[in-house]
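Colleague: I am new to this structure. Could you walk me through how to read it, feature by feature?

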Amino acid sequence: MMNRRRFIKKTVASLVALSGWSVLQQSALAANLVTMDSQESPILDTLEGKKPLIKQTFRPPNYETPVNYFDTAFTPNEAFFVRYHHAQIPKINANDWRLHIGGDALSKPLEFTLEQLRNEFEIVEIAALCLCAGNRRSLFQPPVAGIQWGSGAMGNARWRGVRLRDVFARANIDKTALEVSFDGADSGILRTTPDFIKSLPLAKALDENTLIAFEMNGEPLPHWNGFPARLIVAGWVATYWIKHLTTINVLSKPANNFWMQTAYRLPKDRFTAEQFDSQVSETTVPITDIAVNSLVTNLTDGQVITGIKPVDIKGLAWDGGDGIVSVEISTDAGNSWQPAALMQNHGRFSWRHWRYSFTPKAAGEYTIMARASSHSGMSQPLVAVANPSGYHHNAVQKITIKVV
Amino acid sequence: MRMLFLLLAFFVSSAMAGEESVQLKDGNGKEAVTVQCAMCHSLDYIPMNATNRAGWEKTVNKMINVMGAPIEDGDKKIIIDYLANHYGR
C-alpha cells in the first residue's frame, strides 16, 4: 500500500514539476486568472452539456443554478445544479449499465438492464424538488465548513422511472431487512477514500414515492445529474438521491460508513423531522426530510426601485411533502404579514410559486420578508437553527429595497 | 498502473476544465499543498473554507484519517502552516 501511495505521490509531484502546475497557471489567459482570496465574486463556468452555472468547485464538480432559472415550474436540465463528493465520475454507456440488487437480507440477488426496468415495470412520474442538504450554507454565521452554497443548490423536475417497491416485489426480502443501501458509479481518486454509499430505512425504500428514475423533465438524465439512472427519494434531501445508481443492497444491519454515521447528521432533538430509527446515535440523527422554506426570486438586497408604483414580489416555497398551505409576506420588517397568492400546485413534493403585489406609500427603505408554512403546521424560523454541518438553512430572508 | 492512468487522465481533463485558473497565494508550503491536496480535489476548496489554525488542523486530519490522504507527518505540518498563514480567518 505504501509503495503504491508513494508512487502516486511521486507521480503527482513530477506531473506538477514537468507539465508544470505553475506553468499551467502562468500560461492561462490572464483574464481567467484568479488569485484566490476568501471573498470571491461568483465564477460562471460551463460543464459539458450545461449552461454556465455558478462554480463552487471544479473537481469534484459542484455548480449551483443561478436564481434567474427559478422562474419556471421545472428547472431546465441544462441549468440544473451539480453536486458530487468524488472526482472519479465515469461516463456510462446505457447499454452496458446494470443494476445489481443484493445484500444479506435478500435471498435471491437480481440484475437489471435499463431496458428491463423500462419494459417490465409500471412507469411513473413525480414532480419533486431535489435539494442539497447544505443549500444556503454560506448564510450561516459563524461560517461552517463545506461547500459554500448560495440559494441555487436545488431544482424542481419531473422524474420518470419505476418504483423501487415494484422492483423489490421480484425479490425475496428477508424478515430481518432493516435498511436498503445505494451505491453509484462515482468514486474517490484514492481507493482509501470511503465510497459514497447511503442507506434508507426499509419503509422509506418501499414508499411509493421512492423511484429509480431514468428521465428528468421528459429527457434522459443528463450525465451530471446521474445518467443513466438515479434514486429519487421524494421529500428527502438530495444526499439520498444516489446518481449513476449501480448497486442496491438490502441489509439486516445499519449501514456503517462515514457518509451515514458521521456525515449528513444533525444534533438530536434540534429539528422536527421524519425518523430514521436504525441510524440514531446518542447525540445525533441523520438528516431526513426537507424543511419548510421559501425564496424570493426577483428582488435582491439593496435593490433600488425607481418610482412609487406596485412592486411585484415573486418567489418559491417548498417542504418535505406535507405541502405548502400559505406564504405570508411582510414589507415592514416583520411587523405585519399579508398572504401571498399561491400559484399552480404540481404536487406535494414540488416547489410552489407564489406572488404578492406591494404598493409602497412613499419613497424610502422597505424590508421585505417571506414566510412559508406547511400543512403540518411547520413554518420558517427567523434565525436559522445552528448545526455543525450547516444543513437546513431555512431562516426567513430579509431583503431591503429602496424606493426612490 | 490503473491509478496512474486515472491520475493522468484527471490532471489533463481537469486542467482543460478550467481548474488551472485557481491560483493559491505564494508562500512556504504552496507546492506541498498543491501536490497533496490537488491529488483528489481542485484547490478552490481551500479559499472557500478559510478558517483558523484549529479549523485547518481539523480539516487536514479529516483528509488523512477519513478520506485516506497519504500525507506524512512532515508534510502535514507544512500544509497546516501554509493554510493557517495564508487562508486564515
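**Reading the two chains**

Modeller: Start with the order of elements in chain B. Along the sequence, chain B runs α-β-α-α-α-α. That makes five helices and one strand. Keep in mind that this is a predicted model.

Colleague: What share of the residues of chain B counts as buried?

Modeller: Of its 89 residues, 43% count as buried. Look at contacts too. Take those in chain B between residues at least 6 apart in sequence: 62% of them join residues at least 24 apart.

Colleague: Now a helix pair. At what angle do the axes of α4(B) and α5(B) cross?

Modeller: Helix α4 of chain B covers residues 53-65, and helix α5 of chain B covers residues 73-86. Their axes come within 9 Å and cross at roughly 140°. The two helices are therefore oblique to each other. An angle must be over 145 degrees to count as roughly antiparallel. As for handedness, α4(B) passes α5(B) in a right-handed crossing.

Colleague: Which residues make the contact?

Modeller: From α4(B), they are B:Arg53, B:Trp56, B:Glu57, B:Val60 and B:Ile64. From α5(B), they are B:Lys76, B:Ile79, B:Ile80, B:Leu83 and B:Ala84. Sort the residues of this contact by type: seven are nonpolar, three are charged and none is polar.

Colleague: Let us turn to sheets. How do strands of a sheet pair?

Modeller: Strands pair through backbone hydrogen bonds, either parallel or antiparallel. Now a case in chain A. Four strands form an open sheet there, in the order β2-β3-β4-β5, with antiparallel pairing.

Colleague: Why is one side of β2 and of β5 left without a neighbour in the sheet?

Modeller: β2 (43-45) and β5 (82-83) of chain A stand at the edges, and each has a single partner strand, so one side of each has no neighbour in the sheet. Strand β4 of chain A, residues 62-64, pairs with β5(A) in the antiparallel sense over two bridges. A:Asn62 stands opposite A:Arg83 in β5(A).

Colleague: Which strands form the open sheet of five?

Modeller: The order is β19-β26-β25-β21-β22 in chain A, and the pairing is mixed. The edge strands are β19 (304-305) and β22 (338-339) of chain A, each pairing on one side only. Look inside this sheet as well. Strand β21 (residues 324-330) and strand β25 (residues 364-374) of chain A pair in the antiparallel sense over six bridges. A:Ser326 stands opposite A:Ser373 in β25(A).

Colleague: Is β10(A) mostly covered or mostly uncovered?

Modeller: Mostly covered. Strand β10 of chain A spans residues 179-184, and five of its six residues are buried. Now check its partners. β10(A) pairs with strand β11 of chain A, residues 197-201, in the antiparallel sense over five bridges. A:Ser181 stands opposite A:Ser199 in β11(A). β10(A) also pairs with strand β15 of chain A, residues 245-251, in the antiparallel sense over six bridges. There, A:Glu179 stands opposite A:Leu251 in β15(A).

Colleague: Last, a single residue. Where is A:Leu117 found, and why does A:Leu117 count as buried?

Modeller: A:Leu117 is found in helix α2 of chain A, residues 114-120. The cut-off for buried is 20 or more other C-beta atoms within 10 Å. A:Leu117 has 20, so A:Leu117 is buried.

Colleague: Which residues does A:Leu117 touch?

Modeller: Leave out residues up to four places away in sequence. A:Leu117 then touches A:Leu99, A:Phe112, A:Val162 and A:Ile212. Compare A:Gly161: A:Leu117 and A:Gly161 are 44 residues apart in sequence and 8.2 Å apart in space, C-alpha to C-alpha.

Terms used. Residues numbered from 1 in each chain as written. Chains lettered and ligands numbered in written order. Predicted model: local features only at pLDDT ≥ 70, side-chain atom pairs only at ≥ 80, totals over all residues. Axes fitted to C-alpha atoms, helices over the stretch in contact; angles between N-to-C directions. Parallel < 35°, antiparallel > 145°, perpendicular 65-115°, else oblique. Left-handed = near helix turned anticlockwise from the far one by under 90°. Contact = placed C-beta atoms within 7 Å. Nonpolar A, V, L, I, M, F, W, Y, C, P; charged D, E, K, R; others polar. Buried ≥ 20, exposed ≤ 12 C-beta atoms within 10 Å, placed from the backbone. Pairing = 2+ DSSP bridges.
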